Amino acid sequence: MIDVVILGGVGEYGRNCFLVTDLATNTRILLDCGVRNGKPEVYPPITAELAKSIQAVFISHVHNDHIGALPLLAEKGFKGDVWMSEASLNQLSSIIPTWQEKSAHLFIDRLHFRSFSKTTRGKRIKITENLSMTWGYSGHMLGSVWYSFYLKERAVFYSGDLALASPLLVTDTPNNLVYDVALIDSGHGGQTMPYQKSIKNILSAMADSSEKYLIPITISGKACDLLYSLFKALPDRNFLIDNQLYQHLHAYLKHLDNIHKNKWADLASMLNSRRLEVYQGVIKPGIYLLRTKPGGFHKINTAVFKNEQSPFYKSHPDYNDLKTLVRSIDAKEFIFFHSKQTDLETILQALHSDLFLN
Ligand SMILES: [Zn+2]
Ligand SMILES: [Zn+2]
């Protein structure tokens, strides 16, 4: 029997952390180990007893709501491996300093980070006698993956954060298995908003070419997709972006297996274009994608869905994506995560009536 303990991430946005135990073989793994962002950050309830009982951790991607509690896990005595993709592991060097600021650095050295080679994508990898897994790209950010786990006679699917049709990032189709449990990202399941519609809404909100528009961003697949799509759609505009985003886009070129092949040339030419600059404090007409929110701009909020005309751009499955996922993944039990409790209830009700889901 498979036992799943939700340490965070169900009925809340963030703190994704799921403890999976195969009772038949006593195999115990942790899927992600995140915090809920905010001041203060909210941690999953990891005790020393629990940390010591976990054999391995599998990280879906390097956002704080999926990895931020790793120092706590180490502090509580976890000694196993922390697995992730090569592209995720490469990004850790820029993330660990942010943990050091939180004085969690004392315990980081105890973590054994490991990556699976790009060549193992879609293949079955044996981790222990009773545990093997397959991974594929999940389209949410550079290096983000989903996992299929095989625990002797049982199978578990973990989507991580997922985007089904990112303009730049590849999303692999999950293995066609019958899963005992499938944990699915339902982060934007409270609404339906196709990418093309989002871009149309955003474009109509930035019609004036003499204006200065600011799109607040985080380092994510969404920020890269937005830049790419708007850069193509508005050939008369200049784009000024955060240095960290610029570096992150260059990292895309080092992990081209993560990027749609037919976008490689466009991506490289955008990065070489004179229309794309790193923002250094000088303000002129153009479109700004920044992690900070300096004044003097016309701000466009792509994070909040108010109605069909909102410039909202999804970074998780919306309701239509969820229906596609539930139809294509054969599982005895679904656990939807990354949605606040009220959204989750709406999503479950809608899925029940649309798909007769039990
Ligand atoms: Zn994420
Ligand atoms: Zn997340």
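How far apart are the zinc ion (ligand 1) and the zinc ion (ligand 2), and which residue coordinates both? They are 3.4 Å apart, and Asp 161 coordinates both.

A few notes before the views: this is a predicted model, in which local features need pLDDT of at least 70 and side-chain atom pairs count only at pLDDT 80 or more, while totals for chains, interfaces and linings use all residues. Residues are numbered from 1 along each chain as its sequence is written, chains are lettered from A and ligands numbered from 1 in the order in which they are written, and side-chain values use heavy atoms, with hydrogens and water left out.

**View 1. His 61, His 63, His 140 and Asp 161 coordinate the zinc ion (ligand 1).**
The donor atoms are NE2 of His 61, ND1 of His 63, NE2 of His 140 and OD of Asp 161, at 2.1 to 2.6 Å. Donors here are N, O and S atoms within 2.8 Å of the metal (3.2 Å for Na, K and Ca), and water is not among the atoms, so sites may look incomplete. Along the sequence, the spacing of these donor residues reads H-x1-H-x76-H-x20-D. The angles among the 4 donor atoms run from 86 to 172°, and the site is irregular. For reference, four donors count as tetrahedral if all angles lie between 85 and 135 degrees; four count as square planar and six as octahedral if opposite donors are over 155 degrees apart and all others between 65 and 115; anything else is irregular.

**View 2. His 63 sits in the loop between β4 (56-58) and α2 (64-67).**
Helices (H or I, at least four residues) and strands (E, at least two) are DSSP runs, numbered from the N terminus. Is His 63 buried or exposed? His 63 is buried, at a relative accessible area of 16%, and His 61 is buried too. Buried means under 20% relative accessible area, exposed over 50%, and partly exposed in between (1.4 Å probe, protein chains only). The side chains of His 63 and His 61 are joined by a polar contact of 3.2 Å. Such a contact is a pair of N or O atoms within 3.5 Å; within protein, one must be able to donate a hydrogen and the other to accept it, and residues adjacent in sequence count only if both atoms are side-chain atoms. Leaving aside residues up to four places away in sequence, His 63 touches His 140, Met 141, Ile 219 and Ser 220, where contact means heavy atoms within 4.5 Å.

**View 3. Asp 65, His 66, Asp 161 and His 338 coordinate the zinc ion (ligand 2).**
OD of Asp 65, NE2 of His 66, OD of Asp 161 and NE2 of His 338 are the donors, at 2.0 to 2.2 Å. Angles of 85 to 168° among the 4 donor atoms make this arrangement irregular. Asp 65 lies in helix α2 and His 338 in the loop between β17 and α11 (341-355), so the pair ties together parts that are 273 residues apart in sequence. Asp 65 counts as buried at 9% relative accessibility, and His 338 does so at 1%.

**View 4. Six strands form an open sheet in the order β7-β8-β9-β10-β11-β17, with mixed pairing.**
β7 (125-128) and β17 (330-337) stand at the edges with a single partner strand each, so one side of each has no neighbour in the sheet. From one strand to the next, the twist averages 20°. Two strands pair if DSSP finds at least two bridges between them. Strand β11 (residues 178-185) runs parallel to β17, joined by 7 bridges; Val 181 has Glu 333 in β17 as its bridge partner.

**View 5. β9 and β10 form a hairpin with 2 residues between them.**
Lys 152, in the turn, has a positive phi of about 50°. The antiparallel strands β9 (residues 145-151) and β10 are joined by 5 bridges, and Leu 151 is partnered with Arg 154 in β10. On to β11: β10 pairs with β11 in the parallel sense over 3 bridges, and Phe 157 has Ala 182 in β11 as its bridge partner. In strand β10 (residues 154-158), 4 of the 5 residues are buried, so the strand is largely enclosed by the rest of the structure.

Methods. Axes are lines fitted to C-alpha atoms, for helices over the stretch in contact, and angles run from 0 to 180 degrees between N-to-C directions.
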